[in-house]
Amino acid sequence: MKLLVDSGSTKADWIAIDDSGKVLFTTQTLGLNPEVLEKEEIINRLEDKFDISHNKDKATNLFFYGAGCGTDRMKNFLTTVFQEYFSNAAVAVYEDTYAAVYATTPKNEAAIVCILGTGSNCSYFDGTVLHQKVQSLGYIAMDDCSGNRFGRHMLRGYFFNKMPTELAKEFEEEYNVDADYVKNNLYKEPNPNAYLATFAKFLIKHKDSEFCKKYIQAEMEDFVENYIQQFDNSTQLPIHFVGSIAFYLKDELEQVLIKHRLKLGNVLRRPIDGLIAYHVMNK
């Protein structure tokens, strides 16, 4: 049994398949970003799902694609945790961009592949090898055009009294805006980046309002300049996207790309289904 996992900071999609690609079960855990979680919390999130805990000894392979896995230190940390938990499985940990590449890019074709979800990322895939120009410093310093960035804008807009009255009223109805509650989630609870990203749903819901439009435009412009245009060949390649932000703001994204003479390629909300086909072909 092979376990395929696509993990962001908010959630992780799990699919178990046999050698022919038949799906044995699917489930979802909370995100397993090693940059923000300790070993104990990772194990707790695995144990919380019956399908995973009940079948852990049956797994022969675990292919994990995750946010926060861009450095050898984080890859090695997660590999050790998973090898201990899935004791009979060969474990391979990759950064989440590889899942996006395998799901969106035809075999041996070159492309620029981006992730716009809870966090953000951008890489050049030459058809064989993944190349990155930007070393991510995480959600506090980077993550342009991500869910957590948009969520930050929504919180700031509300608490600085910049959000229009009608939107602010609706914001209060949808979220707990008690300052102590917000600060506890930002500074004391796990996954503050995922907490921030929950407010991005409000921005997407009201994406046609002038208040939200300005943040969408600004963040997309920053993402193009700071990430995509790092690659000199960006105007010559399709630019694929994975993630909920890209999926729900596809029209706005395409407009910004056209402005910069960039070509929008495939846009997927989740790459997990594409990973099945990849691992069956490359078993």
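This is a predicted model: local features need pLDDT of at least 70, side-chain atom pairs count only at pLDDT 80 or more; totals for chains, interfaces and linings use all residues.

Tutor: Let's begin with a definition: on a 1 Å grid over the protein atoms alone, a cavity is a set of points where a 1.4 Å probe fits but cannot get out, while a pocket is an open set with protein on both sides within 12 Å along at least five of seven lines. Lining residues have an atom within 4 Å of a point. Grid points are joined across faces, edges and corners, and a volume is the space filled by probe spheres set on the points. Residues are numbered from 1 along each chain as its sequence is written, and side-chain values use heavy atoms, with hydrogens and water left out.

Student: Which residues line the largest cavity?

Tutor: Its lining consists of Ser120, Asn121, Cys122, Val134, Ser136 and Tyr227.

Student: What makes a lining residue nonpolar, polar or charged?

Tutor: Ala, Val, Leu, Ile, Met, Phe, Trp, Tyr, Cys and Pro count as nonpolar, Asp, Glu, Lys and Arg as charged, and the others, Gly among them, as polar.

Student: What about the second largest pocket, and how is its lining divided?

Tutor: That pocket has a volume of about 420 Å³. Of its 16 lining residues, the closest to the centre are Arg152, Leu155, Leu186, Tyr187 and Leu196. By class, the lining holds 11 nonpolar, one polar and four charged residues. Helix H5 gives the largest share, six residues. Helices here are DSSP runs (H or I, at least four residues), as are strands (E, at least two), numbered from the N terminus.

Student: Why is Thr118 called buried?

Tutor: Buried means under 20% relative accessible area, exposed over 50%, and partly exposed in between (1.4 Å probe, protein chains only). Thr118 has 14% relative accessibility, so it counts as buried. Thr118 sits in the loop between strand S6 (111-116) and strand S7 (120-125).

Student: How do you know that Thr118 and Thr10 make a polar contact?

Tutor: A polar contact is a pair of N or O atoms within 3.5 Å; within protein, one must be able to donate a hydrogen and the other to accept it, and residues adjacent in sequence count only if both atoms are side-chain atoms. The side chains of Thr118 and Thr10 are joined at 2.5 Å, so the distance meets that limit.

Student: Is Lys39 buried, exposed or partly exposed, and why?

Tutor: Lys39 has a relative accessible area of 36%, so it is partly exposed. Lys39 belongs to helix H1 (residues 39-47).

Student: What makes the phi of Cys145 worth a look?

Tutor: Most residues other than glycine have a negative phi. Phi of Cys145 is near 65 degrees, a positive value in a residue other than glycine. Arg261, also not a glycine, has a positive phi of about 60 degrees.

Student: Why do Cys145 and Arg261 get their accessibility labels?

Tutor: Cys145 has 1% relative accessibility, so it counts as buried. Arg261 has 65%, so it counts as exposed. Arg261 lies in the loop between helix H12 (250-259) and strand S10 (263-268).
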